[in-house]
Amino acid sequence: MMETAPAIRVRDLRKTYVVSERDAGAAAALRSLVNRRTREVAAVDGISFELAAGEVVGFLGPNGAGKTTTLKMLSGLLHPSGGEVSVLGHAPSRREKDFLRQITLVMGQRNQLVWDIPAADSFELNRAIYRIPRPEFRQTLDELEALLELGPLMGKPVRTLSLGERMKCEIAAALLHRPKVVFLDEPTIGLDVTMQRRIRSFLAEYNQRYGATILLTSHYMADVEALCRRVLVIHHGRLLFDGELAALVQRFTAHKTIVVRLEDCTTDLSVYGEVVSCDEGLATLRVAKNLTARVTERLLADLPVVDLTVEDPPIEEVIERVFAQGTAQGTAT
Amino acid sequence: MSGLAGLYSQQFKTSLSMMLQYRASLVIWLISHVLDPLVYLVVWTTVSRSSGGSVGGFGAAEFAAYFIVLMLVNHVTYTWIMFEYEYRVRHGSFSFALLRPVHPIHSDLADNVSSKIITMPLILAAAAILALVFRPVFHLSAWAVVAFMPALLLAFAVRFLVEWTLALAAFWTTRVSAINQVYFIAALFLSGQMAPLSLLPAPLRLAATVLPFRWTTSFPVELLLGRVGGNDALIGLCVQAGWIVVCLFLLRFVWRAGVRVYSAVGA
């Protein structure tokens, strides 16, 4: 029974902030001294989902959609304004020691490592804080060192490391206690492609090895495509989509892309679909999804086709569409 | 408890490593810690000479003894937690403290004690040099020396708890520096750092005794210098213990309220 219990359960979760606001200018500033206007903003507006143990799920949404707020509520940094959260059977906001020992939160834009000392010293401090037995600590550290190639970095003061090097050390520090649930907020932000790939494959490896549940936000769709079969899409504090990445593409795209290589490119292709590009025998067509099969058939029958592929539009484009629709819905209600 | 002991010993190593990273700042820190009492010592020695060799029972040699002991006591009891908290809350690094399965006061306490132990030889050397130059006179009695140790430790505990609790103001306002400033000016007068409390006007003396200030610094100094009677020493130790109880209670209350505020408005 224990295996089937979800690692994370969220029901109708809400977070409302009270923000003070005033108009620009000195007069407004003076007025706001006496009469402060406040407004309630719903950062998270009633979302529900569950994560099974061992799942890796991507949490997508534009800036200010409520992703970070949700992660903070799940890790116990923020008290929810309403709804229920349960992580590994704990209410995060109680911040019980037993709960905190089993989770971690990595924030790409903040650092927990002590700036002035080598990362190795910070790791030791974490060992003491989490009371990790020496042999286990040694083993975990060796693994992390190998997977993230930390070797040469560990002895340098953290302030002398590059952004990517520091991020690798941050992630290592956050995983030393082998958390069962890992929250990652933009773990690859600002990193170059090689480093992004490295961290991605590391996270996949960590998930495999320890069966950890991972919920991550990222602006890089490549992260999500590589790691997550399932995604949650949040916009204006509401959940727009919860399901497989492939299903998201299915649901939110009305078009497919057909790429054909022809022996000659003199034919007018606009009768088959919208021509996105056509040069040197390589043509890209946009076709309504339900027509794809028929158009493909006609192309093959009518033309001297050398090669033909049918593709889904790039995931970035899909996500943009999802957000665009979400905004339209948001303004309609 | 063995877990906490491990944390304290590891924090000691970390603090050592951090301090050795910045040897220059260590020297600057030492100078500032010696300069402060030195200035007051010179001023009061001059005053006592110009008023016939003594002010309120303090001659030049007594002032020297007072400020040298004060420097050592102050070194043991001072904290930098109020500045630290302002920084933590402003830069969001406090979130990481909340994610850890240990109350953050342990790391702060361990860091404080570690730094003190590491810098103690320096401040003792400075005290020895000051003693050679200013020739202090001590009227030590055995019981006072014995009572001094618990008074010193309790003074550290009171000050640490008071300042840790005040530091939590950072949860409510982003302008903590104003609060810090008020506190430090009050402490300058009322904890005996600028002048022995017995030289202050009666109302200020009363304020220093009623508030925790005297008990955080001045009391152990007075005790060691033989300016506190046996009964008063005992009462003083009890007052210190009382403040610790009050502060622990306050700290618990303010901490919970602070974390509630922090986790309500976002980190």
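**Reading helix packing, burial and chain contacts**

Me: Let's begin with two helices of chain B. Which residues of α7(B) meet which residues of α10(B)?

Reply: On the α7(B) side they are B:A144, B:V145, B:A147, B:F148, B:A151, B:L152, B:A155, B:V158, B:R159 and B:V162. Their partners in α10(B) are B:W215, B:T216, B:T217, B:F219, B:P220, B:L223 and B:L224. Sorted by class, the residues of this contact are 14 nonpolar, two polar and one charged. Do keep in mind that the model is predicted.

Me: How are the axes of α7(B) and α10(B) arranged, roughly parallel or roughly antiparallel?

Reply: Start from the angle between the N-to-C directions of the axes, where anything over 145 degrees counts as roughly antiparallel. Here the axes of α7(B) and α10(B), the latter being residues 213–224, come within 8 Å and cross at roughly 170 degrees. The two helices are therefore roughly antiparallel to each other.

Me: What is the crossing angle of α7(B) with α4(B)?

Reply: Roughly 25 degrees, for α4 (residues 81–91) and α7 (residues 142–167) of chain B, and their axes come within 8 Å. Angles under 35 degrees count as roughly parallel, and α4(B) and α7(B) are therefore roughly parallel to each other. The crossing of this pair is right-handed.

Me: Where do α4(B) and α7(B) meet, residue by residue?

Reply: From α4(B), look at B:I81, B:M82 and B:Y85. They meet B:E163, B:W164, B:L166 and B:A167 of α7(B). By class, the residues of this contact are six nonpolar, no polar and one charged.

Me: Is B:R135 buried or exposed?

Reply: Count the other C-beta atoms within 10 Å: 12 or fewer means exposed, 20 or more means buried. B:R135 has 11 of them, so it is exposed.

Me: Which residues does A:G82 contact, leaving aside its neighbours within four places in sequence?

Reply: A:D12 and A:R14. For a sense of distance in chain A, A:G82 and A:C169 are 87 residues apart along the chain, and their C-alpha atoms are separated by 35 Å. A:E96 and A:R230 are 134 residues apart in sequence and 29 Å apart in space, C-alpha to C-alpha.

Me: How many helices and strands does chain A have, and what does the whole chain look like?

Reply: Chain A has eleven helices and 13 strands. Its C-alpha trace spans about 70 × 60 × 50 Å along the principal axes. Of the 333 residues in chain A, buried ones make up 40%. Taking contacts between residues at least 6 apart in sequence, 71% join residues at least 24 apart.

Me: Which domains does the assignment give for chain A?

Reply: Domain 1 is 2–13 + 51–249, and domain 2 is 254–311. The C-alpha centres of these two domains lie 43 Å apart.

Me: Last one: how many residues does each chain give to the contact between A and B?

Reply: Chain B gives 23 residues and chain A gives 25. On the chain B side, the elements giving two or more residues are α1 (2–21), α5 (94–99) and α11 (230–265). The most come from α1(B), with nine residues. By class, that side has ten nonpolar, twelve polar and one charged residues.

Terms used. Residues are numbered from 1 along each chain as its sequence is written. Chains are lettered from A and ligands numbered from 1 in the order in which they are written. This is a predicted model: local features need pLDDT of at least 70, side-chain atom pairs count only at pLDDT 80 or more; totals for chains, interfaces and linings use all residues. Two residues are in contact if their C-beta atoms, placed from the backbone, lie within 7 Å. Helices (H or I, at least four residues) and strands (E, at least two) are DSSP runs, numbered from the N terminus. Ala, Val, Leu, Ile, Met, Phe, Trp, Tyr, Cys and Pro count as nonpolar, Asp, Glu, Lys and Arg as charged, and the others, Gly among them, as polar. Axes are lines fitted to C-alpha atoms, for helices over the stretch in contact, and angles run from 0 to 180 degrees between N-to-C directions. Angles under 35 degrees count as roughly parallel, over 145 as roughly antiparallel, 65 to 115 as roughly perpendicular and the rest as oblique. A crossing is left-handed if the near helix is turned anticlockwise from the far one by less than a right angle, and right-handed if clockwise. Domain bounds come from an automatic or database domain assignment.
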